[in-house]
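Work through the exercises below with the sequence and the model side by side. Try each task before you read its solution.

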Amino acid sequence: MLRRHRTVSLFHLEDIYPGWDGLVGGVERYIDQVLAPLSQGSPATWTAWDWEAKNSGATRTTELAHVVLVEGVGSSLGRAGKFLDAVIWVDAPSHVRKQRALARDGETYAPFWDSWAAQEELLLSDSGSAARADVVVDGTHGVARAPEFVLDALTQLPALEHVLSPELARRRGLDFSAVRIDALPTGADLFQALYGSSTNAVWLDSSIAESGGISAAQPNRARFSIMADDSGCFGQLARYHQGLTTVSCGQVTTRIRGTFFHWLDSVWGRKAVRAPQHYPGDFTLGWLGYLGYELKAETGGTDTTPRAGNAADLPTAALLFAGRAVVLDHEEKCLYVLTLTAAHHPASTEEAANYVALVRHAVRTTAPSPQHGTAGVAPTPTTAPRFVARDGERRYKDMIAAAKAQIHDGNSYEVCLTTQLTAHTPEKVDAWAAYTALRTRSPAPFAAFMRLDSISVCSTSPERFLRFDAAGLMRAEPIKGTRRRDLDPAVDAALKADLATSLKDRAENVMIVDLLRNDLSRFALPHTLMVPRLCAIESYATVHQMVSTIEAQLIPGSSRAAAVAAAFPAGSMTGAPKISTMAILDSLEAGPRGIYSGALGYFSLNAAMDLSVVIRTLVLTDTHDGGTHFTLGVGGAITADSDDEAEWQEIQAKAFGVLSTLGSEFPA
């Protein structure tokens, strides 16, 4: 496949190993006689080993080429690493390797296998070769289908971009299709039918649309819901943690070293597909998932990423690539089946047709979406988790006092202080049941359910962090100011009016608006920056919120990933000024925030993007003892005139929607 576009030389280490006991010596000869001259721009002349004569044999030459492939155990060991641009590691159990070696080389190899395997084990035991590999192939069940996926994996490595530019262009040569189906099933039933058994799946769920809770003040904010997984020939799963992005596609995993936003810039931000005119949505397939708060280490904050314990098992960021998805259009009462096809994936055409047929069948067998206000009540989990607070009342109020002292000293204007509630149940809790209960209890325009193997994210967020449309219009919609809802209409109206007239809440909101105007201005055409909505009140099932809107047009040619990084994390979750306030928060808060305070949404192939702020969000993790670990982040903005008791009551109001759905109480 590589020879389609360039010259290729192939070198087998077995040709230079000096006998059955010569693994170490062979590696040294290969470095000195092959890699060193090639790296200096000269052909490599080396002495082959004559296996029949059991002595040095003929002289051979490995010619210079655009690509030199080296195959064999030890090819990346020791000094060899500095000469190599990429390392591919095929991982397979010892008995599988033996079986394949004997099948390839015949029974003459059998008497020497144990000796050779012992050399391999000794040589590789302390080398860390597998950990340093750029591409890892799971060879347990064979590698016959791996080459195409390995080539795709290599195109993701920055060191090979210049060499594999034809393959990169091919990777962007995608055909996008959107098939309309004039029916709108119940979202939860359709997701369960299509993705109930998927290991990794996402539902960006405009749950407020099913409840009829969309107001005139929220135009087009909850028109579409998106559901997808990472199956199919285009499916991938990317995880980022501590400077390493791992991208898994079937049996092949790619490791890209560097910052997350640099990786994001390499896979998103340029228009790779064009939507047909009949399709009204912004999402044209692409990456979906979350960006954790600790990515602040790349945007001006300090690195507080956990390095041990349960929290370290959670990727700092996780995105799946969907090459097929379903988009529900709540306004037109229909749905769209999205698929990708490509000439370099011949099976993709049949796969796309099969997927459309699968969705049609699921639609026929799924109940229609309920009329507004008639959504059924989902059952709550059978076990009510008992939550504990990372910071009790006294400690949290002390943090408020410390934050106010920083404000008094001029180090911040507003500090968005947070804490975390955690719980553990000895039995496994069904995350899907928990989410369906949450979305019924607290419908929201930016609700979401994400399952990543043993981790589930259940979000009922009302807040948009940042949206780009395909043409580059940027929009942020921060929330600052909250009041609880009340069953008594008169009391509820009074609470709403109190929020609307609160000078403190308005001051909080305006400060974050100013911060976001600054964040967007770094990549915006100056004359386009505006605030079309300031301090408006939106009402949800459990709270009233004060919301503003900031818009600007992206400078043409700008990196969209860099523009996202410039605004991350959301100013409504840090305070202002952002950089100095994040440092204050690091000194006050007792641990990392994780997914909470980050962002969740999609990065589309047409360069559009829509991310919510991860608030009102429950994270469930299956534990090794068969139970479930819960985390729920809560917080509020502290200003110079904050009252510590009112702030303590506010975080309880924000936690109420999630806790009450689970049958739990705010910890004493």
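**Exercise 1.** Find what share of the residues of the protein chain count as buried.

Solution. Begin with the cut-offs: buried means under 20% relative accessible area, exposed means over 50%, and partly exposed is in between, with a 1.4 Å probe and protein chains only. By this rule, 54% of the 668 residues of the protein chain count as buried. The model is a predicted one, in which local features need pLDDT of at least 70 and side-chain atom pairs count only at pLDDT 80 or more, while totals for chains, interfaces and linings use all residues. Residues are numbered from 1 along each chain as its sequence is written, and side-chain values use heavy atoms, with hydrogens and water left out.

**Exercise 2.** Decide whether the radius of gyration of the protein chain agrees with that of a compact globule, and describe the box that the chain fills.

Solution. The radius of gyration is taken over C-alpha atoms, and the globule rule is 2.2 Å times the number of residues to the power 0.38. For 668 residues the rule gives a value near 26 Å, and the protein chain has 28 Å, which agrees. Along the principal axes, the C-alpha atoms fill a box of roughly 100 × 60 × 55 Å. Next, take the secondary structure, where helices (H or I, at least four residues) and strands (E, at least two) are DSSP runs numbered from the N terminus: the protein chain has 17 helices and 30 strands.

**Exercise 3.** Classify the aromatic pairs Phe11 with Trp46 and Phe387 with Phe630.

Solution. A pair of aromatic rings is described by the distance of the centres and the angle of the planes. Rings of Phe, Tyr and Trp (its six-membered ring) pair if their centres lie within 6.5 Å; planes under 30 degrees apart count as stacked, over 60 as edge-to-face and the rest as tilted. The structure holds 26 such pairs. In the pair of Phe11 and Trp46 the centres are 4.9 Å apart and the planes stand at 85 degrees, so the pair is edge-to-face. Because Phe11 lies in strand β1 (residues 8–12) and Trp46 in strand β2 (residues 44–50), this pair ties together parts that are 35 residues apart in sequence. Both Phe11 and Trp46 are buried.

Phe387 and Phe630 are also edge-to-face, at 6.0 Å centre to centre and 65 degrees between the planes. Phe387 lies in the loop between α10 (347–364) and β17 (388–389) and Phe630 in strand β30 (residues 628–638), so the pair ties together parts 243 residues apart in sequence. Phe387 and Phe630 are buried.
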